[in-house]
2 protein chains.
Amino acid sequence: MTETTLRRSGGRAARLSARASVAEPAMRPIRPGLRGGQYRPLSDADVQRIHEAALRALFEIGLADAPESGIAAMTAAGAILGTDRRLRFPPAMVEDALARTRRDLVLFGRSPENDLDLSGTRVHFGTAGAAVHMVDVETDRYRESTVADLHDAARIADVLDNIHFVQRPMVCRDIPDNLEMDLNTIYACCTGTLKHVGTSFTDPDFVDDALELLHMIAGSEAAWRDRPFVSNSNCFVVPPMKFATESCKVMEACIRGGMPVLLLSAGQAGATAPVTIAGAIVQAVAECLAGLCYVDALAPGHPVIFGTWPFVSDLRTGAMSGGSGEQALLTAGCAQMHAFYGLPGGAAAGIADSKRPDMQAGWEQMCSNVMAGLAGLNMVYEAAGMHASLLGFCHESLILGDDLIGQALRCVRGIEVDDDTLALDAIRDACIGGVGHYLGSSQTLARMQRDYVYPALGDRSSPKEWEERGKPDLLAQTTARKMAILATTPRARLDPATDKAIRARFRIHLPA
Amino acid sequence: MTETTLRRSGGRAARLSARASVAEPAMRPIRPGLRGGQYRPLSDADVQRIHEAALRALFEIGLADAPESGIAAMTAAGAILGTDRRLRFPPAMVEDALARTRRDLVLFGRSPENDLDLSGTRVHFGTAGAAVHMVDVETDRYRESTVADLHDAARIADVLDNIHFVQRPMVCRDIPDNLEMDLNTIYACCTGTLKHVGTSFTDPDFVDDALELLHMIAGSEAAWRDRPFVSNSNCFVVPPMKFATESCKVMEACIRGGMPVLLLSAGQAGATAPVTIAGAIVQAVAECLAGLCYVDALAPGHPVIFGTWPFVSDLRTGAMSGGSGEQALLTAGCAQMHAFYGLPGGAAAGIADSKRPDMQAGWEQMCSNVMAGLAGLNMVYEAAGMHASLLGFCHESLILGDDLIGQALRCVRGIEVDDDTLALDAIRDACIGGVGHYLGSSQTLARMQRDYVYPALGDRSSPKEWEERGKPDLLAQTTARKMAILATTPRARLDPATDKAIRARFRIHLPA
């Protein structure tokens, strides 16, 4: 999935490209699934208190608005329906559901090299969201996002090593019919990339058609059920502490269809969740535990991602601020709760509040991404391309996100300490009778490709070299790379016969 | 030190400014000296192994090139001079020096509210470096840095809440005489800010004149010695494992003059330090421990900052890459070693390789700054304004660094967990018989100013509002803020009589 052929030709670029392309996959300094957890924003006692508060919230407050099917399943499993129509969950029921939830989950790609192992504190980064705007860097404007934009995003993400999955980041605003929109979203993502895809459904009735489409892409229902490569991003709650009735029905349909479910609780601290970071985590954990009980009551062991996605409000305006330090803390704290439960977990990071891919966007995206990674978050959603607090998606930013996340992944990999890395012999050799430096030493040469990450677009030239090269502009370089990627990658990762059959069965908006 | 009066006037800005100015200093969500340490890149066993490897390096390899005065002092204290002229340090000598080194160090500002408490894992951010270029955002070019640029940088840093100290970030290239340059560097920094200042000296013979200048600024030698507000950034080693003979003599002179010393070991992994992150830390720790033995042999308890500043090479070119993930790891690992020794420590973070304050600069500066803070680094040097891997300094970037570091500090502050923050009552109130949300609740209003950080220049507006405001450009806004700061802050933080006396005694290049 490296694509050295897409780089600019020419002396320096070719030289760098040649060197960068040396590393075999196993030798690469970074890869999906590196283990985080070195950063622990919560003490063990804090984690325990949050867990206990969530259990109390579930037993004492409970959740309203479950659909009848959910009430039936959950009360049969031990939940208590109050006269106030709220479902309350005894702690023992929650602990039982936790015990039965699948732990060593693999999220499948369409191709096996894109499979994601969500065990332990393994970290993966990818896109997600429901942006309604494309951020057009060349014209410096926000416009409505289209299915073609989504397809391009998937094609771009497919070639970026550090984007590990493609949950739909934006809404196809050019498709007014909701069923067509949901189906074309799947088509656009799955024809753009062989990586794992995430999506959502507007209506429970749309799931059957979507499954039919997925069976066709997979080759058969059995092939789909063997390796489901699309998960359902499911907002099953309306915080605070209410089930989202229609989304719950979507979830039930996805479970029947063998689709992994991201149980997504997206409260907003200070608006739909408590203003305190700890409180927003408590509520998100409680809501996701309720979701876990729900799934467990229907289909124990069904693949589920624990999606505590609390967001932050800018309390001056009530608007979201995904780029804030408070957001980074919320997400990192949630990652630690996932590790406590030993569950596959996901949350949001990498969001910029900035409208453009500028310096603000850079610091915002790095802050939460690197903290999420260091905290060991299994699935870092919304990690690249997101601007204006999730309202805008930007292709250039997605591409730059590959560099940014590569750097974050290098930090997640961390510091190896062993006899070789402690380097006492290397220090002795350099100092005593040696050349007095480490340049070109065997250890330096051996480590150069295995330990060091080199950005594709990030510029490390000296001011002199930079001037000689005409002061290259980061965004202009990135737009050029975008054009090169889109010009050289397949338009549809489907065999023509399948594509034809799909187009005969469904109204596909992307041109054949 | 807030300066709400400098903000743009007008409806929204005034409204935000009014709200932002509510918080009293004690109520502010962030402040200097927040405690880090939640991020631990090294296990306890790793830390122990690095310590033991450093002790072995000191005993088995030792350091060359100590000046005669240093050899005399250190051999008297137990060091062994080999026939190869390398000084070797028995482990017991190192442990004794460690035991005698001052721990609860306060670095003084010229005004007490700027004092920095370096105990424990308290975190402070500031400038540092020796850039030779100014990055001129308005003309998009690199030009030689001047004493006026340095003075402006100090004046800007003085009003930025999250820049806690001002170590000289750039060289006065317009002052060819080295003595005049060193003295004017002190004058430019100390007339620009009342925060703690750091500087270096080209020649040991210059220290006496500098001390005379500092006595004049302080009012007397006794006043200076009571609260020394300038520290000596001292590159006492030439890595690998050689004393820098002249810098050591500077250090001796500074110790005699009562000036705190930053023992700065600035190896470059893969060039002048081992290529591995662990090995570069081992060498830096060994070198700084040698410096500690040196200071302890001369003046036990003299204020010292343990300055393990290993840098990273881009091994394709051998050039520095201060913006890399490897750099962030090196610095965070060093912070953990400082905490292990319980010593006041400093290292470099916040460096951008990018030539401009663009998206790359944003992610580079945040990555190492937030990781340094979370690792509990006492003094985060070079934290703002630094571009082109330390070759260029940028005023706009310094100002944006205040927002960036404010966000990092919010992350350092972390997640408070107690009965109030767990918010079970707030959740109950919102869900059962309540309004169903948290907007405007008493907890939300109370926490709004105390828990949440609002950027001064970072833009959180919606795309609609952003368009209505004419799509404000981050750098143009920042340049306007720079102009406003420079127009409204004092040119010289000195009483006129002292200034006159200084100008009569020394050749001051800045106009009176």
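In this predicted model, B:Arg110 touches B:Cys190, B:Thr193, B:Leu194, B:Ile217, B:Phe229, B:Arg493 and B:Leu494, leaving out residues up to four places away in sequence. Contact here means heavy atoms within 4.5 Å. B:Arg110 sits in the loop between β4 (106-107) and β5 (116-117) of chain B. Strands are DSSP runs of E with at least two residues, helices runs of H or I with at least four, both numbered from the N terminus. A polar atom of the B:Arg110 side chain lies 2.6 Å from the backbone oxygen of B:Cys190. B:Ile175 is 65 residues from B:Arg110 in sequence, and their C-alpha atoms are 26 Å apart.

Residues are numbered from 1 along each chain as its sequence is written, and chains are lettered from A in the order in which they are written. Local features need pLDDT of at least 70, side-chain atom pairs count only at pLDDT 80 or more, totals for chains, interfaces and linings use all residues, and side-chain values use heavy atoms, without hydrogens or water.

Helix α11 (residues 325-341) and helix α12 (residues 359-374) of chain B pack at about 15 degrees, with axes 9 Å apart. The axes are lines fitted to C-alpha atoms over the stretch in contact, and angles run from 0 to 180 degrees between N-to-C directions. The angle therefore makes α11(B) roughly parallel to α12(B) (under 35 degrees). From α11(B), the contact involves B:Ala328, B:Leu329, B:Thr331 and B:Ala332; from α12(B), B:Cys367, B:Ser368, B:Met371 and B:Ala372.

Beyond neighbours within four places in sequence, B:Phe89 is in contact with B:Leu58, B:Phe59, B:Leu63, B:Met74, B:Ala79, B:Val94, B:Phe243, B:Ala290 and B:Cys293.

Key: A polar contact is a pair of N or O atoms within 3.5 Å; within protein, one must be able to donate a hydrogen and the other to accept it, and residues adjacent in sequence count only if both atoms are side-chain atoms. Angles under 35 degrees count as roughly parallel, over 145 as roughly antiparallel, 65 to 115 as roughly perpendicular and the rest as oblique.
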